[in-house]
Amino acid sequence: MSEWKAKRFWSEVACEATKNGFEIRLDARCVKTPAKTPLVVPTRAMAEAIAAEWDAVETVINPEVMPVTRSANAAIDKVAVQHGEVAEMLAAYGDADLLCYRASSPQELVRLQAERWGPLLDWAEATFGVRLATRAGVIHAPQAPSALAPLTARVHGFSPFELAAFHDLVSLSGSLILGFAAAEGPYEVDAIWELSRLDEAWQEAQWGRDDEAHEMAQIKRAAFVHAKRFFDMARDIS
């Protein structure tokens, strides 16, 4: 017996403003999340993107090709109900930030990390008033609590929709600072992604590309770019 799959039952898709944001309607019915909560989003840009995904459904509903809907569902069903826990988990990346752990050799990689990652730590200092310390090697060395506190407060200040996007920006890059730079900095998202893969790119240049690893990196890059787009939609940034 084939697995039952939900199919298109609606004729028209529309966005409608409500007192809490914008909802997406399939004919007269409001779209709901998997937890059966009304799918109400904070901006018209996000609502229109979700509506476009539902309008593009021809027969079977496939969440895998509806990334904005999936992210909005996660923001409502998961992040909103455990906002503090998610924020703390992401803020903890600052205590072991990718940008702070540097190679001690070879000198070419040492220089490359300093040249490419240093400006991001400079930007964070200018933006947040804190300076994360660097160290050689991969053994964890805690950052000063006074440096982490403003970053943690900033993360807790994100809305559930912003935090859902920020989760992917941080976890995929391995860096709280790169997450902030992608979300709020004056940088192109592709440039930030490349900075997160600086070590991998250097290894590829030395030893050649691993096709399987490269394919996985491309999947992660697409998710990273989507997270930036979703963060901007949450703030209605065009």
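Rings of Phe, Tyr and Trp (its six-membered ring) form an aromatic pair if their centres lie within 6.5 Å; planes under 30 degrees apart count as stacked, over 60 as edge-to-face and the rest as tilted. The model is predicted, so local features need pLDDT of at least 70 and side-chain atom pairs count only at pLDDT 80 or more, while totals for chains, interfaces and linings use all residues. Residues are numbered from 1 along each chain as its sequence is written, and side-chain values use heavy atoms, with hydrogens and water left out.

Q: How many aromatic pairs does the structure hold by this rule?
A: Ring pairs link W123, F128, F158, F166, F180, Y187 and F231 into a cluster. F161 and F230 also form an aromatic pair. By the rule above, the count comes to eleven.

Q: Is F230 buried or exposed?
A: Buried means under 20% relative accessible area, exposed over 50%, and partly exposed in between (1.4 Å probe, protein chains only). The relative accessible area of F230 is 1%, so F230 is buried.

Q: Which ring has the charged end of R135 over it?
A: A charge sits over a ring if NZ of Lys or CZ of Arg is within 6 Å of the ring centre and within 35 degrees of the ring normal. The charged end of R135 sits 5.6 Å from the centre of such a ring, that of Y101.

Q: Why does C15 form no disulfide, and how many disulfides does the structure hold?
A: A disulfide is a pair of cysteine sulfur atoms within 2.5 Å. The closest cysteine sulfur to that of C15 is in C30, 11 Å away, which is too far for a bond. The number of disulfides in the structure is zero.

Q: Is C100 buried or exposed?
A: C15 is partly exposed, at 24% relative accessibility. C100 has 0% relative accessibility, so C100 counts as buried.
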